[in-house]
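Here is my note on the model, as a set of numbered points. Please read it beside the sequence and the structure.

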Amino acid sequence: MTAPLTGYTSSLPTDVLLDSGVLYVGATVFGAFAGGLKFDPGLEYRAIEFDGKRSPVAALDRKASVMPVISGTCIQLSTTNVGQLEAGATTVASGAWTGSTSYQGKRAGSLLVSGDYLTNVRCIWLRGSGGMVQVRFPVALCTKYDITSQDNAEIAIAIEIQARLDMTVSGANVGDMPYRIEYIAAI
């Protein structure tokens with residue numbers, strides 16, 4: 001048998017995810033990223049404890065919680081990004097320079113309302129076999145970001161966006177998963 005020129009054989013995976021991916025909020029690209037994007041479902045399992053237990057026992061594990069996060073390092077800061085990083089941010093008069101725009105986040109201790117959350121956040125990667133795969137958060141919140149300037153380089157904005165379960169959806173239960181992994185056929 002002659003070895004394939006590609007290095008792949010019929011027993012190796014061919015449906016690999018390619019490139020760094022793209023992050024969308026709604027129909028808009030969030031921004032350019034350096035180093036790609038990361039999805040962590042944040043799964044936590046707990047084993048039921050009992051007297052005399054010497055090792056974990058199958059069928060006594062339960063999914064205790066999930067904290068799904070998409071993270072990455074963005075290298076641009078547009079006026080749209082600022083409003084997405086700060087939940088409930090509003091535009092305020094700047095006064096410092098004519099024609100400038102300022103954003104102000106909500107006060108500490110304020111509860112967020114439905115309009116403060118990001119909707120339809122999608123992290124999309126190309127599939128080697130054609131099509132795409134996406135991790136989709138119907139409702140999400142940027143829970144952490146920092147802006148770091150670098151000498152002779154672009155700024156680096158490390159962000160973390162967490163999924164939130166939308167309890168206003170008919171039939172939603174508190175144990176439902178707040179994200180979906182979706183495979184999209186080649187166009």
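1. Terms and basis. Helices (H or I, at least four residues) and strands (E, at least two) are DSSP runs, numbered from the N terminus. The model is predicted: local features need pLDDT of at least 70, side-chain atom pairs count only at pLDDT 80 or more, and totals for chains, interfaces and linings use all residues. Residues are numbered from 1 along each chain as its sequence is written, and side-chain values use heavy atoms, with hydrogens and water left out.

2. Overall fold. The chain has 1 helix and 12 strands. Their order along the sequence is β-β-β-β-β-β-α-β-β-β-β-β-β. A contact means heavy atoms within 4.5 Å. Among contacts between residues at least 6 apart in sequence, 60% join residues at least 24 apart.

3. Accessible areas come from the Shrake-Rupley method with a 1.4 Å probe; for residues, only the protein chains shown count as cover. The chain exposes about 12400 Å², and carbon and sulfur atoms supply 54% of that area. Buried means under 20% relative accessible area, exposed over 50%, and partly exposed in between (1.4 Å probe, protein chains only). Of the 187 residues, 24% count as buried.

4. Nonpolar core. A nonpolar core is a set of buried Ala, Val, Leu, Ile, Met, Phe, Trp, Tyr and Cys residues joined through side-chain atoms within 4.5 Å. The largest one has 22 residues. Those with the most contacts inside this core are Leu 23, Phe 30, Val 121, Phe 137, Ile 159 and Ile 161. Two or more residues come from each of strand S1 (17–25), strand S3 (33–40), strand S6 (69–74), S9, strand S10 (132–148) and strand S11 (156–163). S10 gives the most, with 5 residues. In soluble globular proteins, nonpolar side chains tend to be buried together.

5. Phe 30. Leaving out residues up to four places away in sequence, Phe 30 touches a set of residues including Leu 23, Cys 74, Leu 85 and Ile 159.

6. Cysteines. A disulfide is a pair of cysteine sulfur atoms within 2.5 Å. The count is 0 disulfides. Cys 74 is buried at 1% relative accessible area. Cys 142 is buried at 10%.

7. Salt bridges. A salt bridge is a side-chain nitrogen of Lys or Arg within 4 Å of a carboxyl oxygen of Asp or Glu. The count is 4 salt bridges. Arg 46 pairs with Glu 44, with the closest N and O atoms 2.9 Å apart. Lys 106 pairs with Asp 116 at 2.6 Å between the closest N and O atoms. Both Lys 106 and Asp 116 lie in the loop between strand S8 (102–104) and S9, so the pair ties together parts that are 10 residues apart in sequence. Lys 106 is partly exposed at 34% relative accessible area, whereas Asp 116 is buried at 14%.

8. Backbone points to check. Asp 19 is exposed at 67% relative accessible area. Ala 59 also has a positive phi, about 75°, although it is not a glycine. Ala 59 sits in the loop between strand S4 (43–47) and strand S5 (61–66) and is exposed at 79%.
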